[in-house]
Amino acid sequence: MATNNSEAQGSSALAKPGLRKPVFTKVDNIKPGTTGLTLVAKVLSSEIVLQKGRAVSPNLRNVRIAECLVGDETGTILFTARNDQVDLMKPGASVIIRNAKIDMFKGSMRLAVDRWGRIEVTDPVTFEVKVDNNLSLVEYELVNVAD
């Protein structure tokens, strides 16, 4: 009987910790340099900006990059979709973007998901996207502050 009790305690110590509930962010709360963002968005447009691969040269890896305008009821932002993500980001689709980060490109923000994040197509959203608040149109400048 005592052996079973110690085995039970040992197995609970090896159990995975509980997953945290995601904290959903609204587009207008996104700031430069933030990571770990989770948001529900609607894809407004998707345009392939780079496509190279075996068709060009047999020793190249297939690479596809698309810029997709995504948004919610608070605003819009450009999302950089890579490879398989491009297929998920179809105009009109509703997606949950998990563990996203902000990349700066030519002084403006781009939302991106690396290998630690995930994109899921979800049920159609009920909100109306606020298209007149595009955060990717705001230009930021890196300023070094002297001590």
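Q: What does E120 count as at 21% relative accessibility?
A: In this predicted model E120 counts as partly exposed, a label that covers values between buried (under 20% relative accessible area) and exposed (over 50%), with a 1.4 Å probe and protein chains only.

Q: And what does the side chain of E120 meet in a salt bridge?
A: The partner is R118, at 2.4 Å from N to O, where a salt bridge is a side-chain nitrogen of Lys or Arg within 4 Å of a carboxyl oxygen of Asp or Glu. R118 is partly exposed too, at 48% relative accessibility, and salt bridges with shared partners join R98, R118 and E120 into one network.

Q: How many salt bridges are there by this rule?
A: The count comes to six. One of them pairs R64 with D87 at 3.1 Å, N to O, and this pair links distant parts of the chain, since R64 sits in strand 2 and D87 in helix 2 (residues 84-88), 23 residues apart. Helices (H or I, at least four residues) and strands (E, at least two) are DSSP runs numbered from the N terminus. R64 has a relative accessible area of 22% and is partly exposed, while D87, with 41%, is also partly exposed.

Q: What about D103, which side chain meets it?
A: D103 forms a salt bridge with K101 at 3.3 Å, N to O; D103 is partly exposed at 23% relative accessibility, and K101 is partly exposed at 27%.

Q: Before we change topic, what is this model and how should I read the numbering?
A: Residues are numbered from 1 along each chain as its sequence is written. In this predicted model local features need pLDDT of at least 70, side-chain atom pairs count only at pLDDT 80 or more, totals for chains, interfaces and linings use all residues, and side-chain values use heavy atoms, with hydrogens and water left out.

Q: Now the inside: how many residues has the largest nonpolar core?
A: It has 24 residues, and those with the most contacts inside it are I30, V70, I77, F79, M89 and L111; such a core is a set of buried Ala, Val, Leu, Ile, Met, Phe, Trp, Tyr and Cys residues joined through side-chain atoms within 4.5 Å. The elements that give two or more residues to this core are strand 1 (35-52), strand 2 (63-72), strand 3 (75-82), strand 4 (94-105) and strand 5 (108-112).

Q: Which residues does I30 touch?
A: Leaving out residues up to four places away in sequence, I30 touches T25, L37, L39, I77, I102, M109 and L135, with contact meaning heavy atoms within 4.5 Å.

Q: Last one: is L137 buried or exposed?
A: L137 is exposed, with a relative accessible area of 71%, and lies in the segment after strand 6 (118-121).
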